[in-house]
Amino acid sequence: MKFLEKQLKKLEPTFAKGGKLEKLHYVYDALATFAFTPATTTSRGAHIRDGVDLKRTMFIVVLALIPALIFGMYNTGHWHMVAESGNWNLPYWDQMLDKFLYGAIKVLPMVAVSYGVGLGVEFIFCNIKGHPIHEGFLVSGMLIPLIMPVEVPLWMVAVATIFAVVIGKEVFGGTGMNIVNIALTARAFLFFAYPTKMSGDTVWMGGKEADGFSGATFLGDAQTLVGESPVVDGVSGIMEKYSFMDSFLGTIPGSIGETSTLACLIGAVLLLATGVGSLRIIFSFAIGGLSLGLLFNAIGVNAYMDIPAYMHLVVGGFAFGAVFMATDPVSAAQTASGKIWYGFFGGAIAVVIRVLNPAYPEGVMLSILFMNIMAPLIDHYVIQANINRRFKRLKVA
Amino acid sequence: MSKTISLKRGMDIKLVGEAEKITVDAARSKYYAIRPGDFHGLTPKMLVKVGESVKAGTIIFHDKYNDVINYASPVAGTIHEIVRGEKRKILTVLIEAAANDDYEVRNPVNPSSADAGEVKAELLSCGLWSLIKQRPFDIVANPENEPKAIYVSAFDSAPLAPDYDYVMHGKKAEFQMGLQVLKKLTSGQVHLGLNGKSKHEDVFTSSEGVVHTSYVGKHPAGNVGVHIHHTNPINKGEYVWVVNAQDVAIIGKYFMTGRFDLTKLVALTGSEVKFPKYYRVISGAQLSSILGGNTKTENEERIISGNALCGTKEAFDSYLGYHDNQITVLPEGNQMKFFLTEGWLSLGFNKLSNSRLYPSFLFPNKKYRLDTNLNGEDRGFVVTGEMERVFPFDIYPMQLIKAAMSDDIDSMESLGIYEVSPEDFALCEFVCTSKINVQDEIRYGLDLIKQECF
C-alpha cells in the first residue's frame with residue numbers, strides 16, 4: 001500500500017491549485033479519500049474520534065441493497081420469459097442462469113447509467129461550488145434503478161438522475177441538505193413526466209410480449225377491482241393470482257428491486273443490526289400500513305377494501321419503501337418520537353392512496369415524498385414540546 | 001439520605017494508559033506560566049513588569065473589564081517574559097521560578113464568622129476566584145451575580161480521568177473548609193455529585209453542609225453540567241457556579257494557612273506514556289518537567305493538557321493548563337489509512353465506535369489505543385439519533401448545534417443553551433459521523449449570546 005500511497009502523493013501537486021489538472025481536483029480528492037482515509041488530525045475539542053465515517057455508513061446501505069438487486073435481476077429475467085412465452089404459470093425456479101443473465105443485462109446498464117450520470121453531475125456541482133464530492137450519491141445511485149420498471153429506457157434513467165441530483169439535492173447544498181429523498185425524486189419525475197413508462201401493464205416485463213398478454217402487477221390488477229371491468233375475479237381471484245407467499249418472496253412482477261419483501265427484510269436486518277436504519281421508522285411504517293388496511297377491511301364497501309390488510313405490506317414498494325426510502329435520515333424526521341409519527345403516517349397514507357385513489361395504483365412513493373415534506377413539521381412539534389417544558393420551568397422558578 | 005439519579009445515555013471511552021496509583025513529585029520546572037487563554041473571554045491588564053520579582057500569590061494581572069478579579073503567580077520568582085500575539089494580545093506570562101517558594105503573607109478571614117461579602121472579597125483579592133467558574137458560558141464567575149447553587153463533582157468520568165478518591169485522599173479538612181467557604185457564596189445549596197457506581201472515600205461521603213446526590217451512568221455522568229441539569233436546571237437569567245474538587249481543597253487550604261498554593265495532583269495518562277502515574281505539581285508547570293523521559297516516541301505524539309475529549313493540544317515545552325488535572329499523551333494520527341486494511345472498509349478491531357458499524361460493541365471492556373486521526377472527512381449532518389444516545393440531557397443536541405451554527409439566538413435560548421457548556425458536548429463531537437467540531441460550535445453560540453445579550 002506504500003506504493004499506492006506514494007503514487008497518490010506524487011500526483012497530488014498535478015491536481016492541486018495551480019497544477020495542470022487543477023479542474024479535476026475534486027475527482028482526485030474523491031478517489032484518494034476512497035482509497036485512503038486522509039491523514040487529517042483533530043486540533044481542538046475531542047482529540048479522539050469515533051471510527052465511523054459517512055463512507056462506511058453509506059456502504060452498509062449499498063450492501064443492504066444487494067439482496068434486492070440480485071433478486072431483482074433474476075425476477076426480471078423470469079418475467080421476461082413469461083411475457084415472451086405468454087405463459088403466466090411458467091415455473092419460477094427453472095432456467096435459472098438464463099433468467100439471471102437476461103436480468104443482469106437489463107439491470108446493470110441502468111445501475112451504471114445512474115451512477116455515471118449522477119456522479120458526473122455531482123462532480124460538476126462540486127467543482128462550481130468548491131466542495132468535495134460527498135458520499136450521499138453512493139446510495140441514491142443504487143436506489144434509483146431499483147425503483148424503476150425494467151422497461152424504462154436508459155436515457156430516461158439519465159434524465160431522471162440529473163433532475164434528482166440537481167433539483168432534489170444540489171440546489172439545496174448537497175448531501176445532508178436535501179428536503180426530499182433523492183431516489184424518489186427521480187422516480188416521481190419520471191412518474192409525472194412519462195407516465196406511460198412508469199405504470200400500466202406493459203412496463204413490468206422486459207422485451208417483447210406475446211400477443212394478448214397483459215403483464216400487470218398486483219396493485220394494477222387491484223385497481224381494476226373497483227373499476228368497470230375487473231381483470232381478476234374479486235378478492236379471491238387476485239389472491240389466487242398473487243399468493244401471499246409469492247408476494248413475500250417477490251416472485252411477482254414489479255419494479256426491479258421492490259418485489260421481494262424477503263430481500264428487503266434481509267437488508268433491514270443488516271441496517272438494524274448496524275444501527276444505520278431506524279427501527280422506529282421501519283416498524284411504525286409497517287404498523288401504519290397495517291392499521292389502515294385493517295380499517296379498510298372493517299369498512300369494506302368495495303372489493304379493494306376487502307383485500308387482506310397484510311397483503312399491503314408485501315406487495316408493491318411497501319417493504320422497499322419502509323426499509324430503504326423512509327429511513328433516509330436526511331429527509332426523515334430527526335427526533336426519536338418524530339420518527340414514530342413520520343413512519344406511521346408514511347405507511348398509512350401509502351395505503352390510503354392505493355385504496356382510495358384510482359389514478360395512482362402505487363401510493364408508497366407519493367406517501368414518502370409527502371412525509372418528507374411533513375417531517376420538519378413533525379419535528380417542530382416534538383421540539384416545541386421540549387421548549388415548552390423548559391418555558392414552564394422558567395415560569396415556576 | 002442522598003438521592004440517586006441513574007442516567008441511561010452516555011458512553012465510557014476506555015483507553016490504554018490509565019494512571020497507576022503512585023504519586024511522585026514532579027521536578028520543579030524552570031518556568032511557570034499563567035495564560036489568559038485558560039480563562040475563556042478574559043482580557044488581562046498587567047500589574048507587573050518583566051524583571052520584577054514576585055512571590056507565590058502576588059497578583060500578576062486582573063481582568064481589564066472587571067478589575068476585582070485578580071490572577072496571581074503560582075510560584076515565587078521573577079517575571080521572565082510576557083509573550084504577546086497578534087494585536088499585542090497577551091498569550092503567556094512566564095515566571096522564572098526561584099529555588100523555593102516564598103508565599104505572600106496574608107491573613108484570611110475566618111469563614112465561619114465572616115459574612116458573605118468578606119469571603120468573596122478575600123477570594124477576589126487573593127487570586128483564588130479564578131478557580132470558580134460559572135454556568136452559563138463556562139467562564140470565570142462574575143462576582144456581581146448571585147448563584148442559585150454551587151456544584152462540585154466528586155468524580156470525573158472522562159477517558160482516563162484521574163481518580164478523585166485517590167487524588168483527594170487525606171485532604172478532608174481542606175475540602176471541608178473549602179465547602180464551607182463556597183457555602184458562604186450562595187443563598188442556595190452547595191451540591192456534591194457522587195459516583196453511584198463505586199464507594200467513595202470518606203473525604204466526600206462525610207462532607208457536611210452540602211447536598212449529596214449520586215449519579216449512576218456512563219460518561220458524562222461525572223460532568224457538573226449533567227448534575228445541574230438533573231437537579232436544578234439553569235433558566236435564563238440564573239447562574240450556577242462550579243468548582244473542581246481539587247480546587248475546593250486549594251481554596252480550603254488557603255483559608256486554613258493563608259498560603260496561595262496551587263499544588264495539586266495531576267494524572268499523566270495515555271497509551272504513549274511509559275509509566276502512567278500521578279504527579280504532584282503546581283499549576284502552570286512546564287509539561288516537560290512531567291513528561292521528560294516518560295513518553296514512548298518523541299514528536300509522533302499528541303500531548304493534551306486535560307482529557308482526550310476536551311483538553312488542549314500542547315507542545316512538549318508548553319505548560320499545564322490552569323484548571324487541568326490530567327495530561328493525556330496519545331499517538332498522532334497523521335498517517336493515511338488504506339481503506340481495506342485500516343480505513344473505512346476494514347474490519348476495524350482497533351477502532352472504537354459508538355455505532356455498531358465496527359465490532360467494538362462486541363467488546364465493551366476492551367481498552368483502545370486511539371490516535372488523533374479524524375477518521376473521516378468533514379460533512380453536513382446526515383446521521384440522526386447518534387448524538388442523543390450519548391447526551392443525558394433533556395435537550396435536542398443536533399438542533400441546538402444547528403441553532404448555534406446559524407447564529408439563531410432565540411432558538412439557542414429556547415433549546416437550552418444556558419444549561420450546557422462545550423465539555424457536555426464532547427461525546428457528541430466524538431460520535432459525530434460527519435466529523436463536525438461540535439464543541440467549537442457550542443462555544444461560538446455561547447460567545448455570541450454573551451456578546452449580544454449580556
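This is a predicted model: local features need pLDDT of at least 70, side-chain atom pairs count only at pLDDT 80 or more; totals for chains, interfaces and linings use all residues.
**Figure 1. Overall build of chain B.** Chain B holds 11 helices and 21 strands. Its radius of gyration is 22 Å, close to the 22 Å that the globule rule gives for 454 residues, so chain B is as compact as a globular protein of that length. Along the principal axes, the C-alpha atoms of chain B fill a box of roughly 65 × 50 × 45 Å. Of the 454 residues in chain B, 54% are buried. When contacts in chain B between residues at least 6 apart in sequence are considered, 69% of them join residues at least 24 apart.

**Figure 2. Domains 1 and 2 of chain B.** Chain B is divided into domain 1 (1-28 + 108-333), domain 2 (31-97) and domain 3 (374-453). The centres of domain 1 and domain 2 of chain B, taken over C-alpha atoms, are separated by 22 Å. Contact between these two domains involves 24 residues of domain 1 of chain B and 22 residues of domain 2 of chain B. On the domain 1 side, the elements that give two or more residues are α1 (116-126) and β11 of chain B. Helix α1(B) gives the most to this side, with 3 residues. By class, the residues of domain 1 of chain B that touch domain 2 of chain B divide into 12 nonpolar, 9 polar and 3 charged.

**Figure 3. Packing of helices α3 and α6 in chain B.** Helix α3 (residues 172-185) and helix α6 (residues 245-257) of chain B pack at an angle of about 90°, and their axes are 7 Å apart. The two helices, α3(B) and α6(B), are therefore roughly perpendicular to each other. Residues of α3(B) in this contact include Phe175(B), Met177(B), Leu179(B), Val181(B) and Leu182(B). Among those they meet in α6(B) are Val248(B), Ile251(B), Phe255(B) and Met256(B). The contact of α3(B) with α6(B) has 10 nonpolar, 3 polar and 2 charged residues.

**Figure 4. Surroundings of Phe137(B).** Phe137(B) is found in the loop between β10 (133-135) and β11 (139-140) of chain B. This residue has 21 C-beta neighbours inside 10 Å and therefore counts as buried, the cut-off being 20 or more. Apart from neighbours within four places in sequence, Phe137(B) is in contact with Leu446(B) and Lys450(B). Ile82(B) is 55 residues away from Phe137(B) in sequence, and the C-alpha atoms of the two residues are 27 Å apart in space.

**Figure 5. Contact between chain B and chain A.** In this view, 64 residues of chain B are in contact with 51 residues of chain A. On the chain B side, strands β18 (301-305) and β21 (337-338) each supply at least two residues, as do helices α8 (397-405), α9 (409-415), α10 (426-431) and α11 (438-453). Helix α10(B) gives the most to this side, with 4 residues. The residues of chain B that touch chain A divide into 25 nonpolar, 25 polar and 14 charged.

**Figure 6. Domains of chain A.** Chain A is divided into domain 1 (2-35) and domain 2 (56-208 + 220-382). The C-alpha centres of domain 1 and domain 2 of chain A lie 38 Å apart. Contact between them involves 5 residues of domain 1 of chain A and 5 residues of domain 2 of chain A. The side of domain 1 of chain A that touches domain 2 of chain A has 3 nonpolar, no polar and 2 charged residues.

Technical notes
Residues are numbered from 1 along each chain as its sequence is written. Chains are lettered from A and ligands numbered from 1 in the order in which they are written. The radius of gyration is taken over C-alpha atoms; the globule rule is 2.2 Å times the number of residues to the power 0.38. A residue is buried if 20 or more other C-beta atoms lie within 10 Å of its own, exposed if 12 or fewer, and partly exposed in between; C-beta atoms are placed from the backbone. Two residues are in contact if their C-beta atoms, placed from the backbone, lie within 7 Å. Axes are lines fitted to C-alpha atoms, for helices over the stretch in contact, and angles run from 0 to 180 degrees between N-to-C directions. Angles under 35 degrees count as roughly parallel, over 145 as roughly antiparallel, 65 to 115 as roughly perpendicular and the rest as oblique. Ala, Val, Leu, Ile, Met, Phe, Trp, Tyr, Cys and Pro count as nonpolar, Asp, Glu, Lys and Arg as charged, and the others, Gly among them, as polar. Domain bounds come from an automatic or database domain assignment.
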